[in-house]
Amino acid sequence: MNKTILKIRNIKKIYNNKTVLDVDCLDFQEGKIYAIVGPNGSGKTTLLNILNLLENPDEGQTFFYGQEINYKSNYHILGIRRQMTLVNQNPFLFHSTVYDNIAYGLKIRGIPSKIQQNRVRNALSMVGLSGFEKRKVNQLSGGEAQRVVIARALVIEPKILFLDEPTANIDQRHIDVVERIIKKVNKETKTTIIFTTHDLSQAYRLADEVVSFLEGKIIKEVPENILRGEIIEKDGLKWFKVAKDIKIAIVTEKVGMAYIYIDPKDIILSYQRFQSSARNSFSGRIIKIAEKNHLIKLEVDVGVNLVTIITRESFQDMNLNLGSKVYLTFKASAVKLY
Amino acid sequence: MDFIIEGVRKAFQLIFSLDREIFNIVLLSLRISLTAIILASFLGIPLGFLIGVKDYWGKKFTIALVNTLLALPTVVVGLIVYSVISRRGPLGVFGLLYTPSAMIIGQFILATPIIIALTHSAIQGIDRRARSTALTLGATEIQSAWTVIKEARYAVIAAVITGFGRIIAEVGAAMMLGGNIRGTTRVMTTAIALETSKGEFGFGIALGIILLFIAFSINILLHYFQSKKV
């Protein structure tokens, strides 16, 4: 049985009268990898900042190895903060050499320079950048910079390593490298790793446990209807292109690769295409039917699989079966960026 | 016209013969202004940092006040310090008036707002992530502050140089507080004023050339640090 390294109880964070984080209970076990998933603005980064003691919650308690964190004592906070570290989404490197950056955490802890040199060398080799000590940081590529900040975090041998969207801003080749590093660090040093991501497949690939957030709260299941695709602009309108022929109308400022999420309850199911203000209507066949708490969950293949939820009464009235041809209709505003 | 040409000729003669009096005056100027700028840096850089990173009530007012002090006339500083340290003033017992210390105080007051204001804007130009990165790597508040100042090092050095440029060239406070006593408080600017009024153009021009040379060097240095990306 692993020890609980970090737990939070009834944490609330409020910005401008808006509750951005509201978590009753969340425990992290020593030595495991956790992925925190959720759309933009779901409170993931705020949670990491609170767990890393960079921000104080407005309410609630945090425990590190069972010891409650006293937010009033800077000294106490520093002692605990020094046992964990956070790697930011857009890594910041001090304007100096790779060596100076990685040795930073050791220097401020007063570790002798002989030991510093050894540990920096080991950390660089851990991320596959041996021999980079003397490089200036402005000579690094984005992926290399990301690996340097991971090395800078690892060198202090943290009990917990937080990574905020570790692969959001780097190319595919480096994503693989960073994922391998995360696995390796966890395996070799038994460091607890807590990272946030948009990429559900990455979350399940790397993590022992996935925690899903929506609007500042933990949700039990990862939401249905998360799709990966590209937002394109055509004739002044925005479309989310999923597969070759599937284009979903969306209301957003963004373009480029993205994840979207459509609440199954926002999708209307019908036998015939009907006239409405909703801009999205697709036909397909039902491929899966499941019942849960008086509701029926239907999976429909319209080129991609979409899930819709209807009541048992509607299900019986419509006389639906596996293979029935149906239309799914939803508004462009129901399509949310994940 | 002749007196100008004669003056310039004499000036170069004085400079190249390494005239003792001239160089003593230059050295004294540098000693006073360097002491003042070091003291002003010790106060101005931390204050500029604090105004830059802390949110507090009255922050806008402080910034406006510091910016006003940038335009402080040197004679007003001379007047205020004079009234405080003259024999009848509250600090009269220390007998500071007409000493280099009095001039250092005056120049310190002139330089500090410049360093505060420019350090403040230097710190604002630094990525906010510098501080949070330092903190998450285990820095104390003071260590993270030092890291941010180091990130802003070129702009902070530029702030100090700008302050130095202002005080080495000022004459009002130096005259009122130092009294232009030969060998003790006679600095370049006060000497130029005196010698010119005496008709000793050569001496005045020689000091003027050196002062311009110092100002020029300061500007080259300033340009170098400002062009360096942090």
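Which helix of chain B holds Ile5(B)? Ile5(B) sits in helix α1, which covers residues 2-16 of chain B. Keep in mind that this is a predicted model.

Is Ile5(B) buried or exposed? Ile5(B) counts as exposed because it has 10 C-beta neighbours inside 10 Å, and the cut-off for exposed is 12 or fewer. Now pair Ile5(B) with Ala155(B). The two are 150 residues apart in sequence. In space, their C-alpha atoms are 41 Å apart.

Step back to chain B as a whole. Chain B has 11 helices and 0 strands. Read from the N terminus, its elements run α-α-α-α-α-α-α-α-α-α-α. The C-alpha trace of chain B spans about 70 × 45 × 25 Å along its principal axes. Of the 230 residues in chain B, 41% are buried. Next, take the contacts in chain B between residues at least 6 apart in sequence. Among these, 76% join residues at least 24 apart.

Move on to helix α8 of chain B. α8(B) runs over residues 153-168 and has 16 residues. From its first C-alpha to its last, α8(B) reaches 22 Å. That is close to the 22 Å expected at 1.5 Å a residue. Several residues of α8(B) are buried, including Ala155(B), Val156(B), Phe164(B) and Ile168(B). What covers them? The cover over the buried residues of α8(B) includes four helices of chain B: α2 (20-53), α5 (100-124), α7 (141-151) and α11 (201-227).

Look at one of these partners, α5(B). The axes of α5(B) and α8(B) come within 8 Å and cross at roughly 155°. The angle is over 145°, the cut-off for this class, so α5(B) is roughly antiparallel to α8(B). Their crossing is right-handed. On the α5(B) side, the residues that meet α8(B) include Gln107(B), Leu110(B), Ile114(B) and Ala122(B). On the α8(B) side, the residues that meet α5(B) include Ala155(B), Ala159(B), Gly163(B) and Arg166(B). By class, the residues of this contact divide into 12 nonpolar, 4 polar and 1 charged.

Zoom in on Ile114(B), which is found in helix α5 of chain B. Is Ile114(B) buried or exposed? Ile114(B) is buried, because 25 other C-beta atoms lie within 10 Å and the cut-off for buried is 20 or more. Leave aside residues up to four places away in sequence. Ile114(B) then touches Leu70(B), Ala159(B), Thr162(B), Gly163(B) and Arg166(B). Of these, Ala159(B), Thr162(B), Gly163(B) and Arg166(B) are in α8(B). Compare Ile114(B) with Ser41(B). They are 73 residues apart in sequence, yet their C-alpha atoms are 9.8 Å apart in space.

Helix α5(B) also packs with α3(B), which covers residues 59-69. Here the angle is about 130°, and the axes are 8 Å apart. That angle makes α3(B) oblique to α5(B). α3(B) passes α5(B) in a left-handed crossing. From α3(B) come Val66(B), Asn67(B) and Leu69(B). They meet Pro113(B), Ile116(B) and Ala117(B) in α5(B). The residues of this contact divide into 5 nonpolar, 1 polar and no charged.

Where do the chains meet? The contact between chain A and chain B takes 17 residues from chain A and 15 residues from chain B. On the side of chain A that touches chain B, α2 (74-81), β6 (84-87) and α3 (98-107) of chain A each supply at least two residues. By class, that side of chain A has 8 nonpolar, 5 polar and 4 charged residues.

Finish with two loop residues of chain A. Leu53(A) lies in the loop between α1 (44-51) and β4 (59-64). Leu53(A) has a positive phi of about 65°, although it is not a glycine. Lys190(A) lies in the loop between α6 (172-189) and β8 (192-197). Lys190(A) is not a glycine, yet its phi is positive, at about 60°. Which is buried and which is exposed? Leu53(A) counts as buried because it has 21 C-beta neighbours inside 10 Å. Lys190(A) counts as exposed because it has 12 C-beta neighbours inside 10 Å.

Note on methods. Residues are numbered from 1 along each chain as its sequence is written. Chains are lettered from A and ligands numbered from 1 in the order in which they are written. This is a predicted model: local features need pLDDT of at least 70, side-chain atom pairs count only at pLDDT 80 or more; totals for chains, interfaces and linings use all residues. The expected span of a helix is 1.5 Å times one less than its number of residues. Two residues are in contact if their C-beta atoms, placed from the backbone, lie within 7 Å. Ala, Val, Leu, Ile, Met, Phe, Trp, Tyr, Cys and Pro count as nonpolar, Asp, Glu, Lys and Arg as charged, and the others, Gly among them, as polar. Axes are lines fitted to C-alpha atoms, for helices over the stretch in contact, and angles run from 0 to 180 degrees between N-to-C directions. Angles under 35 degrees count as roughly parallel, over 145 as roughly antiparallel, 65 to 115 as roughly perpendicular and the rest as oblique. A crossing is left-handed if the near helix is turned anticlockwise from the far one by less than a right angle, and right-handed if clockwise.
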